[in-house]
Amino acid sequence: MSKADQLGTGRFGGTRTVSARRQAVAAATGVPTDGIAPPTELPPHRISLNPDNPRSSLGDLTDLAESLKVHGQKQAITVMNRDAYVAANPAREADLEADTTHVVIDGSSRLAAAREAQLTTIKIMVSDDQGTTSEEILESALVANIHRQDLEELDEARALQRLLAIHGSQTALAKRLQRSQGWVSQRLALLNLTPDLQARIGEEPVDLLRAVGNKPAAEQEAALEELKTKRARQEAEKRDRNRKKQTSKAAPQATDAPPVYYDVIDEPDGTAGPEQRDDDATAEAAVPEPRDSQESVEEEAAGERQPPKLPYDDPVHIAMHLKLKMDKAAFLELFRLIAEMAHELDPTQFEKAVGPYARATPEAS
């Protein structure tokens, strides 16, 4: 009889040919097994915790138990039939819980929480192909926990160390786990830490502890403090850069548009008041007069870079430039003032040039 006939089908498999051990278990527990499909739910007390679980402690399960009661179980746990597990781990048979028919491979915390929540059943997936040796079963459990990032750092390192003894090299183990050799090396480095630093895992940054794990024990503490100081300095510099960046964004932006003056007060004789005269003088001083091309050539030859000149002879260009640079209200006020001045200079020419748009000016209205 083949091993498949003895142990039944694997993951998702249909009906099973039951071994003599399973028949004895069925007789003792009253759980029918003869010629039926693997179960999808079982009472939690029928599933034994894995005595070779990579976790050293399941921790506080209060929150998980409450979640199972309130929200239900979202993901089935993976189990092996008890006889398949014992065939792969004969030395562990005495460590299995009594009167159980299956052993959990992936989901020990959920099983323990289901018991704490006093659930009547728990969803399972029977998979006897998790391994035919204790090392293969350990590897299956470790891979499942690694993919969920669900192991304590030291538990992960100890499990990797056991697998390293099986696969012979970090490179072979990394390939088996579909990880990089550096990933394996970094995690194994925690086992080289001094007992004091191992006790501080969870308090100190784990990546820095991994970085000093391969240094001599006498140098590890000083190396860790040096790395922490360097990281704190880099984080402070980053915060300072971000603060300066935010301050720069919040500062008012300079505008290229010239100031626009409203509510100009004229003197009774029609001349501009002192404030307006001062403003006009400032404006005249601020706007450079056009220069001839020969002067520009001479300045460029002397190495002086001149600012761009305003094209006074191109009113369309000036108008479009101001329209783009000025906000709407300021542009319309500028247009009104220019219209007033143009009308004062030559009303006839103004009416002829502006035509029907003259109604937009106060005089035309």
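**Entry 1: two helices.** I looked up helix 3 and helix 5 and found that their axes come within 8 Å and cross at roughly 70°. Helix 3 is therefore roughly perpendicular to helix 5, a label given to angles of 65 to 115 degrees. Axes are lines fitted to C-alpha atoms over the stretch in contact, with angles from 0 to 180 degrees between N-to-C directions. Helices are DSSP runs (H or I) of at least four residues, and strands are runs (E) of at least two, numbered from the N terminus.

**Entry 2: basis.** The model is predicted: local features need pLDDT of at least 70, side-chain atom pairs count only at pLDDT 80 or more, and totals for chains, interfaces and linings use all residues. Residues are numbered from 1 along each chain as its sequence is written, and side-chain values use heavy atoms, leaving out hydrogens and water.

**Entry 3: the nonpolar core.** I then examined the largest nonpolar core, which has 16 residues. Such a core joins buried Ala, Val, Leu, Ile, Met, Phe, Trp, Tyr and Cys residues through side-chain atoms within 4.5 Å, where buried means under 20% relative accessible area (1.4 Å probe, protein chains only). Among the residues touching the most other members are Ile47, Ile77 and Ile122. Helix 3 (62-71), strand 3 (77-81), helix 5 (108-116) and strand 5 (122-126) each give two or more residues. Helix 5 gives the most, with 4 residues.

Entry 4: I noted an open sheet of 5 strands in the order 1-5-3-4-2, with mixed pairing; strands pair if DSSP finds at least two bridges between them. Strand 1 (41-42) and strand 2 (47-48) are the edge strands. Strand 1 pairs with strand 5 in the antiparallel sense over 2 bridges, and Glu41 stands opposite Lys123 in strand 5.

How values were computed: Buried means under 20% relative accessible area, exposed over 50%, partly exposed in between (1.4 Å probe, protein chains only). Angles under 35 degrees count as roughly parallel, over 145 as roughly antiparallel, 65 to 115 as roughly perpendicular and the rest as oblique.
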